[in-house]
Amino acid sequence: MIHSLEGDFFTNLTNYMELTREFLKKRYAFIASQKCSSNPMAYCQGGIYNGHKDPSEEVGDIVLSFTASFGITALNELNILHEGKPLHESDHVFVNEVLDFM
């Protein structure tokens with residue numbers, strides 16, 4: 001298990017994941033409050049699932065079909081820091097531990 005100078009790795013990971021979740025919740029709430037005319041291809045012309053609304057309507061519950069991720073690039077960079085090699089060269093023990101934790 002990695003230990004940073006400022007605490008346990010998994011404690012820090014939990015804190016940063018929660019920070020990211022809170023940011024995404026605020027971001028989704030902001031998007032939901034925008035008019036569909038802010039991105040007509042997505043919200044009025046079906047570019048996003050359920051995106052067939054009037055341009056004057058708010059995006060609203062369309063955001064429920066959105067997905068968010070923490071990213072494979074970040075996991076690769078973490079593995080480089082931990083093992084000194086990218087994911088494609090890794091034994092995946094550490095990254096699987098991180099993924100199971102997440």
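# Notebook: cores, rings and a surface patch

I looked up the largest nonpolar core to begin with. It is made up of 10 residues: Phe9, Phe10, Leu13, Met17, Leu75, Leu78, Leu87, Phe94, Val95 and Val98. I take a nonpolar core as a set of buried Ala, Val, Leu, Ile, Met, Phe, Trp, Tyr and Cys residues joined through side-chain atoms within 4.5 Å. Buried means under 20% relative accessible area, exposed means over 50%, and partly exposed lies in between (1.4 Å probe, protein chains only).

I note that this is a predicted model, in which local features need pLDDT of at least 70 and side-chain atom pairs count only at pLDDT 80 or more, while totals for chains, interfaces and linings use all residues. Residues are numbered from 1 along each chain as its sequence is written, and side-chain values use heavy atoms, with hydrogens and water left out.

Helix α1 gives the most, with 4 residues. Helices here are DSSP runs (H or I, at least four residues), numbered from the N terminus. I also found another core lying apart from this one, with 9 residues, including Cys36, Ala42, Cys44 and Ile62.

Then I turned to the rings. I found 4 aromatic pairs in the structure. Rings of Phe, Tyr and Trp (its six-membered ring) pair if their centres lie within 6.5 Å; planes under 30 degrees apart are stacked, over 60 edge-to-face, and the rest tilted.

How are Phe9 and Phe94 placed? Their ring centres are 5.7 Å apart and their planes are at 50°, so the pair is tilted. Phe9 lies in helix α1 (residues 9-32) and Phe94 in helix α4, so the pair ties together parts 85 residues apart in sequence. Phe9 is buried at 13% relative accessible area. Phe94 is buried too, at 5%.

I checked Phe10 and Phe101 next. Their ring centres are 4.7 Å apart with planes at 55°, so this pair is tilted. It links distant parts of the chain, Phe10 in helix α1 and Phe101 in helix α4, 91 residues apart. Is each residue buried or partly exposed? Phe10 is buried, at 7%, whereas Phe101 is partly exposed, at 37% relative accessibility. I noted that ring pairs link Phe9, Phe10, Phe94 and Phe101 into a cluster.

Last, I looked at Met102. Met102 lies in the segment after α4 (93-101). Met102 counts as partly exposed, at 39% relative accessibility.

Conventions:
Helix = DSSP H or I, 4+ residues; strand = E, 2+ residues; numbered from the N terminus.
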